[in-house]
Amino acid sequence: MSSTSRRYSRTACTGLALALPLAALSACGGGSSGDTSASAGSGKGTISVWAHQGQTSEDTALQNAVKSFNSSQSKIKVELKLIPGNDYTKTITATDASKLPDVMEFDGPTMANFVYNKKLAPIDSYVSAKTMSNATAASKAQGEIGGKHYGLGMYDSGLGVYGNKKLLDAAGVKYPTSLSANWTAAEFTAALKALKAKDSDGKTLDLQESGGFANEWGTYGFAPIVWSAGGSLLKNGKAEGALDTPSVVSAMKTFQSWKTYVDPNTDGNAFAKGRVALSWVGHWMYPAYSKALGSDLVVLPLPDFGNGPKTGQGSWAWGIGADSKNGKAAGTFLDYLLNDTNVTAMTTANGAPPATKTALAKSALYKQGGPLQRYADQLAKPCGDSDITKSCVAVTRPVTAGYPTVTAKFSDALNSVYGGADPKSALEKAARAIDQDFSDNDGYKIQ
């Protein structure tokens, strides 16, 4: 799994097993009665840093950042510990707050649970105003609870539909060239039909389904259908009346109808080898796809189900351990880690969109006129996790300690709908299960 580790979120890797079943986090107990703040300390001395072990190129970028920080000054020494990605979230979950490091990386959707269990402290007092203001709005949305920031990322993520221009043109399919000229869901379905007529096996779409959808890919990849239909995974702490509305049920019926056009993609090469004309996936497939298709590759937004096109966003982020005795030194290191040099080195290593404004503006892939500008444009219109309007595009997965339940129940429902289950029944069942869990846990309130 190392080759995919930082694509957009280890708990959201395409069709692969979760690093830790997020549902396991729900049982961590906790409940916050008052804020947990790290001690400021002297701003000098040795601080511990934990990160997950990813691709070799990413690990090297991080190790280089630590090395150059240590040699750039003599007041603070960083000791970096890399923990295998498959064990990382499990390790933080199992470790008492007093034994956690001063600075730690965490997967975006796990943040609220770690705050709830008093393992992360607000970082606002310790990172500089410059660092905070340079973070993209989408990155800040993922890291915020109740007006306080608990994390900032070096990179973000995004979804789109990659198209094979040659195959689209051959089938006479007109495709959107900008966010404002996106496909409607009906137009997307019509495009699939037109492509099918020119395709030998009738399979024209890749949904990265080889690992099924009852996992974080199911939620990350297809919650945008819910949001685009005007629904939500959770609204004001409730799923009923948000996840199971008639418009979401209708959108899921449309999703279900696409199965006949989908290549199971068991070899991972359906799009790269030209078996399908469209691939619903994220930024992380660009290197392989651009190498395979060259100038025939086009990047399109996801279809609009009525409330505007939407995309998932969010990825790994950095925060300060709640029990740190040296918040000042931790903040100084985070300022350094999130500078242009280090963010650019990391995003060059993993191909993800930078999560800082200055690095994003200079990114060869994501800058204005770059081949992946579409992803930057989407992230420039963030919704956060609750105010999902027609005009915003990048939606943060629900920032709640109950997220493990939300993603488990929604992705199960999605998977069963794809397999032929009645969308209304599946969504209602998921909404009831989510609400029951939230009721049992007093809404996972973080005070």
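Author: Happy to! Strand S7 (residues 159–164) runs antiparallel to S9, and 5 bridges join the two. Two strands count as paired if DSSP finds at least two bridges between them. Helices (H or I, at least four residues) and strands (E, at least two) are DSSP runs, numbered from the N terminus. A word on the source: this is a predicted model, where local features need pLDDT of at least 70 and side-chain atom pairs count only at pLDDT 80 or more, while totals for chains, interfaces and linings use all residues. Residues are numbered from 1 along each chain as its sequence is written, and side-chain values use heavy atoms, leaving out hydrogens and water.

Back to the strand. Opposite Leu-278 in S9 stands Gly-163. S9 also pairs with strand S8 (residues 205–206), this time in the parallel sense and over 2 bridges; here Asp-206 has Ser-279 as its bridge partner.

How enclosed is S9? Strand S9 (residues 278–282) has 5 of its 5 residues buried, so the rest of the structure largely encloses it. Buried means under 20% relative accessible area, exposed over 50%, and partly exposed in between (1.4 Å probe, protein chains only). Leu-278, Trp-280 and Gly-282 point one way from the strand, Ser-279 and Val-281 the other way, and all are buried.

Now for the rings. The structure holds 23 aromatic pairs; rings of Phe, Tyr and Trp (its six-membered ring) pair if their centres lie within 6.5 Å, and planes under 30 degrees apart count as stacked, over 60 as edge-to-face and the rest as tilted. The centres of the Phe-213 and Tyr-418 rings are 5.0 Å apart with planes at 85 degrees, so this pair is edge-to-face. Because Phe-213 sits in the loop between S8 and helix H9 (216–228) and Tyr-418 in helix H16 (residues 403–418), the pair ties together parts 205 residues apart in sequence. Phe-213 counts as buried at 1% relative accessibility, and Tyr-418 does at 5%.

Trp-258 lies in the loop between helix H10 (246–257) and S9, 22 residues from Trp-280, and both Trp-258 and Trp-280 are buried. Ring pairs link a cluster whose members include Phe-213, Trp-258, Trp-280 and Tyr-418.
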